[in-house]
Amino acid sequence: MTSYPTPAFTRPAFAPGILGVIVLLAGLALLDNAGGYFWIKMVVAILAAIVAVFAWQAGAPWWLIAMLPIVIAWNPVWPFDLHGQWWVAAQFAAALAFLAAGIFIKVKNPADRNRR
């Protein structure tokens with residue numbers, strides 16, 4: 001038993017959200033390299049699907065409005081031929097969506113010892 005308080009909630013989507021931001025911003029350097037950007041698209045689509053599952057489990061389905069288009073647009077299986085300034089802007093918008101989802105998706109901690 002510890003005297004430190006436990007948090008009242010956890011943020012399960014924080015780690016995949018931060019990883020999504022890192023991968024998207026690193027992927028900006030590989031936009032012209034089709035072979036390297038394939039792997040960026042795959043990782044982003046998988047991380048967006050993971051965040052979407054955490055959002056659904058947390059009872060926050062409105063985050064699916066942000067995550068499902070990311071899963072579809074960065075899908076490496078049936079790729080879209082997107083390029084130019086709009087695609088670069090979409091990279092930044094998706095990074096912001098990952099960051100916001102990671103911060104705001106919360107789940108009550110079942111091991112909260114502070115409840116009375």
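Where H2 meets H3, the residues Lys41, Val44, Ala45, Ala48, Ala49, Val51, Ala52 and Trp56 of H2 touch Leu64, Met67, Ile70, Val71 and Ala73 of H3 (contact means heavy atoms within 4.5 Å; helices are DSSP runs of H or I with at least four residues, numbered from the N terminus). The residues of this contact comprise 12 nonpolar, no polar and one charged (Ala, Val, Leu, Ile, Met, Phe, Trp, Tyr, Cys and Pro count as nonpolar, Asp, Glu, Lys and Arg as charged, and the others, Gly among them, as polar). The model is predicted, with pLDDT of at least 70 needed for local features and 80 or more for side-chain atom pairs, while totals for chains, interfaces and linings use all residues. Residues are numbered from 1 along each chain as its sequence is written, and side-chain values use heavy atoms, leaving out hydrogens and water.

Two packed helices are described by the angle between their axes and the distance between the axes. For H2 and H3 (residues 64-73), the axes come within 8 Å and cross at roughly 155° (axes are lines fitted to C-alpha atoms, for helices over the stretch in contact, and angles run from 0 to 180 degrees between N-to-C directions). H2 and H3 are therefore roughly antiparallel to each other (the term applies to angles over 145 degrees). Their crossing is left-handed, a term used if the near helix is turned anticlockwise from the far one by less than a right angle.

H2 also packs against H1 (residues 14-27), at an angle of about 160° and with the axes 9 Å apart. H1 and H2 are therefore roughly antiparallel to each other, and H1 passes H2 in a left-handed crossing. The residues of this contact divide into 12 nonpolar, three polar and no charged.

With H4, the axis of H2 comes within 11 Å and crosses at roughly 35°; this crossing, too, is left-handed. Here Tyr37, Val44, Leu47, Ala48 and Val51 in H2 meet Trp87, Gln91, Phe98 and Ala101 in H4.

The largest pocket has a volume of about 280 Å³ (a pocket is an open set of points on a 1 Å grid over the protein atoms alone where a 1.4 Å probe fits, with protein on both sides within 12 Å along at least five of seven lines; lining residues have an atom within 4 Å of a point; the volume is the space filled by probe spheres set on the points, which are joined across faces, edges and corners). Of its 16 lining residues, Leu31, Tyr37, Lys41, Leu82 and Trp87 are the closest to the centre. H2 (34-57) and H4 (85-104) are the elements that give two or more residues to this lining, and H2 gives the most, with four residues.

Definitions and conventions: Parallel < 35°, antiparallel > 145°, perpendicular 65-115°, else oblique.
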